[in-house]
Amino acid sequence: MRHRWLVTVALGLATGCMRSSETTLVRDAAEAMGGPSKIASVETLILEGSGEAFNFGQSKSPDGELPRFTVTELRRVIDFPGGRWRQEALRTPMYVTANPPARQILGVAGDVAYNLSPTGAASRASARTAVDRTAELYHHPVGILREALGTEANLTNARKEGGRDVVDVTIAAGATYTLHIDETTKLPVKVVSSTSNPVLGDVLMETEFSDYTETDGRKLPSVITSRLDGDTVAVTRVSAATINGDTGDLGAPADAAAASTEPPVAIEVSEVAKGIWYLTGQSHHSVVAEFQDHLVLIEVPNETRTLAVIAKARELVPGKPLTHAVVTHHHFDHSGGMRAAVSEGLTLIPHAGAEKFVEDVVQRQHGIEPDTLAKSPKPLIIQTVEGEMVLEDEAMSIALYPVDGSPHADTLLMAHFPRHGLLVQADLYSPPAPGAPPPASYPFAANLMENCTTRGLKIENLLPIHGRMVPMKSLLDVAPPAKTGG
Ligand SMILES: [Zn+2]
Ligand SMILES: [Zn+2]
């Protein structure tokens, strides 16, 4: 460190009062966009347009393409000095899902990230989401250049990468953004920064800018492409930009601001049969089964809930070790607790098609936000299900089956309790709350039925990971007859 500091001082002396190459790069970029004072005077920006969004962590197969939404009526309002933005858009899924098109409203104001439901109910997103959404302010040429031109940013490490000029911009708040500038046009083409994903750990956020057009004396990109860990997560095509227009109220909704970023885990326990506990209480339920000398857990949605559910299982049956965790499928909201389960010494049981995914997730670096596994590393112990896996002794029996041919995911496991006529499944039918009318049909139900009937499973009740326990009959009600002949 000391050596590097001396070198920096020496370079500083050598260049004297000349502009550093970093400053030159930044000023040239601002010049290309209309001039440093013009860029510095952009306080708010309203972007309207359309594009695509991609459902990160929800690909059909672990290394397949991300499911896509068509995005219309998009309006993003950014207040750079206020550290706030809000986006509204209509997202229409272009993949098989039970979810209809929906108007999405989300934003950030200071350290409050929030989501608004179509009915106007506000909820607070995690602290990490607030950090990521704040970072998005600087993943726009105006946002990063406003900072880079100011007196508080630290510009370092000017270099060439792949025919581009590159400079690191550390903003006053401390985060560093790498700005890539086209050598010829001098326009910003990309901003890169690091963040932490609960499942993947340390990942890169990248935003690319192209198709610059002029608005009010400034050149602004009209195509903005965002990537996370190398996957394209959004493409925005701006059809209209307004500089310093009326932004309306960009404050965080009071309900969201007052809410906690880490709501307490709620676990409700019901023993649905002797030795089988349904652990509900939030969006993702789990099931614990008691064997003669050990316990098995089904469903590990995320770290916090998985640790709580593991603790609850140990509390329910203190005398028997919890040894295995069944992973229902690779979707991030159902596999986000795998690392926590490994850190607690559990053997993971995923579908064979998820084996590489599980190995990758368990060995990933979580240096930015160390999770339990990063803090106390343990080796992965894994048993995969190919055709069928039966866990059985005198006290309990569970048969694990791949759900073949599901349009939802290629790595789904369902768990059948043959002695109790119970079936645990995730996402293939999520019954509505009691009293609410069931849907006319459910897109994955017919395939689930087929998987059950071809195996001749005796099922009286469904124990869904989402929703509530319902009779098997309710699956028939939402499963249109399966198509024959493929
Ligand atoms: Zn899923
Ligand atoms: Zn789900």
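Modeller: In sequence, the donor residues of the zinc ion (ligand 1) are spaced H-x1-H-x76-H-x18-D. This is a predicted model, in which local features need pLDDT of at least 70 and side-chain atom pairs count only at pLDDT 80 or more, while totals for chains, interfaces and linings use all residues. Residues are numbered from 1 along each chain as its sequence is written, chains are lettered from A and ligands numbered from 1 in the order in which they are written, and side-chain values use heavy atoms, without hydrogens and water.

Biologist: What makes residues donors of the zinc ion (ligand 1)?

Modeller: Donors are N, O and S atoms within 2.8 Å of the metal (3.2 Å for Na, K and Ca); water is not among the atoms, so sites may look incomplete. H329 (NE2), H331 (ND1), H408 (NE2) and D427 (OD) coordinate the zinc ion (ligand 1) at 2.1 to 2.2 Å, and therefore they qualify. D427 also bridges to the zinc ion (ligand 2), and the two ions lie 4.3 Å apart.

Biologist: Why is the arrangement around the zinc ion (ligand 1) called irregular?

Modeller: Four donors count as tetrahedral if all angles lie between 85 and 135 degrees; four count as square planar and six as octahedral if opposite donors are over 155 degrees apart and all others between 65 and 115; anything else is irregular. The 4 donor atoms subtend angles of 86 to 173 degrees, so the arrangement is irregular.

Biologist: Why is S335 called buried?

Modeller: Buried means under 20% relative accessible area, exposed over 50%, partly exposed in between (1.4 Å probe, protein chains only). S335 has a relative accessible area of 1%, and so it is buried. Both H329 and H331 are buried too.
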